Amino acid sequence: MRFLPTAEQRDFTRSLDALLSASDTPSAVRSWSAGDPGPGRALWARLAEAGVFALAAPEAQDGMGRLPVELALAYRELGRHAVPGPLVETAAVTALLSHLADAGDPAPAKRLLPGVLTGESVVSLGVPRGGGYVLDAEGADAVLVVTAGEDGPELRLAPGHGPVHPSLDPARRLARPDPGGELLAAGPLLAEAVGCAVRWARLAAAAQAVGVAEELLRRTVAYVKQRTQFGVPIGSFQAVKHRLADTLLAVEFARPLVYGAALTLAPADLAAAKATAGEAAYTASRTALQLHGAIGYTEELDLSLWLRKARPLRDAWGTPAQCRAEVLTAHP
């Protein structure tokens with residue numbers, strides 16, 4: 001069995017890496033954190049042109065044909081470059097609207113999906129397990145909210161949102177959507193679509209977490225080769241080597257689980273990948289912070305842009321505890 005990306009997938013990954021390397025994403029992240037989405041929206045448009053946001057949509061909806069492996073590869077690159085915005089929520093919205101269309105309710109997809117796929121519209125999504133907050137509602141063109149109705153779940157277009165609240169990651173701007181709003185879908189079909197959205201969101205979040213972990217590890221390895229104590233690089237110290245080795249093992253263990261989950265899209269596989277990738281990112285952030293010393297706490301250092309993403313990604317769309325419980329339920 002050959003469990004490696006194809007030549008076409010590798011070319012796609014390299015093209016994304018080149019695009020993002022030339023885009024000065026740290027500046028876009030800092031602008032997004034300050035409430036200026038302009039540079040981030042420009043980057044968003046380039047990613048859409050590269051086909052990133054069409055990877056969860058079928059060809060019938062002008063998508064790329066539902067390519068979960070390609071989506072995992074793409075979101076790993078987005079994590080490596082710390083791209084801001086409701087990236088995971090975009091994958092979830094695309095999956096939700098596409099599933100509704102396949103099930104016989106094409107109106108929401110026909111109305112909202114074209115703008116999402118072309119990058120003209122930034123859409124965020126709130127689900128009941130999200131704690132009532134929606135990511136980046138302030139900079140989104142539309143906010144979709146799934147709520148519990150009398151006859152089952154309801155999908156509504158939020159009429160607005162409350163104050164923006166700070167989070168651990170300044171680029172993750174949280175707000176509570178206003179109640180009410182236009183009803184877009186409801187009933188059993190929506191419940192199935194929400195389940196589909198959660199599966200794709202977990203895949204995207206897990207892949208993004210792997211990318212964050214890889215970049216944190218790369219930057220930390222480069223730093224310990226340069227910083228010296230007692231006349232030698234600190235990377236030569238045995239304790240430092242052990243810490244980096246543990247982090248590398250966590251990342252190397254998480255990556256194939258994410259790709260395996262992309263192949264099956266089974267809920268238990270996705271839960272295992274999400275828990276493992278989230279823990280790998282958190283482990284990498286703790287290692288990076290400790291080995292960088294006091295400089296790791298400074299916001300001026302680009303490292304902070306990745307450090308602050310690790311913990312929120314670990315808990316978004318299913319905490320490690322929730323994901324492990326789902327795996328145990330599926331495999332008692």
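Select Val 52, Phe 53, Ala 54, Leu 55, Ala 56, Leu 71, Tyr 75, Thr 90, Ala 91 and Thr 94: they line the second largest cavity. A cavity here is a set of points on a 1 Å grid over the protein atoms alone where a 1.4 Å probe fits but cannot get out, and lining residues have an atom within 4 Å of a point. This is a predicted model, in which local features need pLDDT of at least 70 and side-chain atom pairs count only at pLDDT 80 or more, while totals for chains, interfaces and linings use all residues. Residues are numbered from 1 along each chain as its sequence is written, and side-chain values use heavy atoms, with hydrogens and water left out.

Next, colour α4 (68–80) and α5, the elements that give two or more residues to this second lining. Helices are DSSP runs of H or I, at least four residues long, numbered from the N terminus. The largest share, 3 residues, comes from α5.

Now move to the largest cavity, with about 140 Å³ of space. Select Gly 85, Leu 135, Arg 172, Gln 208 and Leu 313, the closest to its centre of the 17 lining residues. Then show α5 (87–102), α7 (188–226) and α10 (303–315), each of which supplies at least two residues of this lining. Here α5 gives the most, with 3 residues. The lining of the largest cavity divides into 10 nonpolar, 2 polar and 5 charged residues.

Terms used: On a 1 Å grid over the protein atoms alone, a cavity is a set of points where a 1.4 Å probe fits but cannot get out, and a pocket is an open set with protein on both sides within 12 Å along at least five of seven lines; lining residues have an atom within 4 Å of a point. Grid points are joined across faces, edges and corners, and a volume is the space filled by probe spheres set on the points. Ala, Val, Leu, Ile, Met, Phe, Trp, Tyr, Cys and Pro count as nonpolar, Asp, Glu, Lys and Arg as charged, and the others, Gly among them, as polar.
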